Amino acid sequence: SMTIQEGFTLPQIIARMAEKGLGKQEKLSKLVYDTNFIQSLGINAESLEGYLFPETYLFAEGIDEKALLKMMVTQFRSYVDSELMRDAEKLGLTLHQWLTLASIIEKETGIVEEMPLISSVFHNRLKRNIPLQTDPTVIYGIKDFDGNITRKHLQTPTPYNTYLNRGLPPGPIASPGLAALQAAVHPAETNFLYFVARGDGGHTFSKTLKDHNIAVREYLKQRRRK
């Protein structure tokens, strides 16, 4: 058996597979970026980032790398049912865009109940053409990220820097779970444009920059107390 957690990136998934003895790491690393293989799975993307569904899998001994990845994509498609896809289309999202948004929501919060609220912030910003300004996308675009995001990172141009670029980034930044996929197409109805961590795993949501700055100051106070 092998468990892929929600929010795992391609390198993390490949490392988990190799750790479990399921295929060779070098071959898997090539396949997930192999255009012909990706297209053979019916996916129009540059990689399988986001398309390998987080789940606990049971594999037969000796399964080859292609069959392994195909099974995970098949699992992804089994959850992306026609009703959810119709909801995505109503919001003007392609499958790839939907998956991209869901992956950002997944990386922003581990609290399922918060996901529709996080989703509402991003949808409200997209409608108003306000940059998403989400750190997980910036981090994804940084090679050899050391765990400490800086002002320099936020100012470094990459396709995934949503502080500098408006709209969604080019593709998913991780594998979202079902809750994040659902939240991406079923956002809560709010006027929120901002959110900041509270320090307890949850977030404070704000409609105005003034209220958001107050919430940020409160968060920084709590950090200093700790």
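Analyst: Gladly! In this predicted model, the axes of α7 and helix α10 (residues 178-185) cross at roughly 40° and come within 8 Å.

User: Which residues make the contact of α7 with α10?

Analyst: From α7 come Met115, Pro116, Ser119 and His123, and from α10 come Ala179, Ala180, Ala183 and Ala184. By class, this contact has 6 nonpolar residues, 2 polar ones and no charged ones.

User: What makes α6 and α7 oblique to each other?

Analyst: Helix α6 (residues 95-108) packs against α7 at an angle of about 125°, with the axes 10 Å apart. Roughly perpendicular ends at 115 and roughly antiparallel needs an angle over 145, so α6 and α7 are oblique to each other. Their crossing is right-handed.

User: Which residues of α6 and α7 meet there?

Analyst: Leu101, Ile104, Ile105, Glu106 and Glu108 of α6 meet Met115, Ile118, Ser119, Phe122 and His123 of α7. By class, that contact has 6 nonpolar, 2 polar and 2 charged residues.

User: Let's turn to charges. How do you know that Glu19 forms a salt bridge with Arg16?

Analyst: The closest N and O atoms of Glu19 and Arg16 are 3.9 Å apart. The cut-off is 4 Å between a side-chain nitrogen of Lys or Arg and a carboxyl oxygen of Asp or Glu, so the pair qualifies as a salt bridge. Glu19 and Arg16 are 3 residues apart in helix α1 (residues 10-19), which means they are separated by about one helical turn. Side chains of opposite charge can pair when their charged atoms come close.

User: What makes Glu26 and Lys30 a salt bridge?

Analyst: Their closest N and O atoms are 3.7 Å apart, which is within 4 Å, so the label applies. These residues lie 4 residues apart in helix α2 (residues 25-31), separated by about one helical turn. Glu26 is exposed at 58%, and Lys30 is exposed at 56%.

User: How do you know whether Asp200 and Arg198 are buried, partly exposed or exposed?

Analyst: Asp200 has a relative accessible area of 54%, which is over 50%, so Asp200 is exposed. Arg198 has 36%, which lies between 20% and 50%, so Arg198 is partly exposed. The side chains of Asp200 and Arg198 also meet in a salt bridge, 3.3 Å from N to O. A search of the whole structure finds 4 salt bridges.

User: What makes the phi of Asn129 and of Gln133 worth a look?

Analyst: Most residues other than glycine have a negative phi. Asn129 is not a glycine, yet has a positive phi of about 60°. Gln133 is not a glycine either, and has a positive phi of about 50°. Asn129 is found in the loop between α7 (115-127) and α8 (135-140), and Gln133 lies in the loop between α7 and α8. With 45% relative accessible area, Asn129 is partly exposed, and Gln133 is partly exposed at 36%.

Terms used:
Residues are numbered from 1 along each chain as its sequence is written. This is a predicted model: local features need pLDDT of at least 70, side-chain atom pairs count only at pLDDT 80 or more; totals for chains, interfaces and linings use all residues. Side-chain values use heavy atoms; hydrogens and water are left out. Helices (H or I, at least four residues) and strands (E, at least two) are DSSP runs, numbered from the N terminus. Buried means under 20% relative accessible area, exposed over 50%, partly exposed in between (1.4 Å probe, protein chains only). Axes are lines fitted to C-alpha atoms, for helices over the stretch in contact, and angles run from 0 to 180 degrees between N-to-C directions. Angles under 35 degrees count as roughly parallel, over 145 as roughly antiparallel, 65 to 115 as roughly perpendicular and the rest as oblique. A crossing is left-handed if the near helix is turned anticlockwise from the far one by less than a right angle, and right-handed if clockwise. Contact means heavy atoms within 4.5 Å. Ala, Val, Leu, Ile, Met, Phe, Trp, Tyr, Cys and Pro count as nonpolar, Asp, Glu, Lys and Arg as charged, and the others, Gly among them, as polar.
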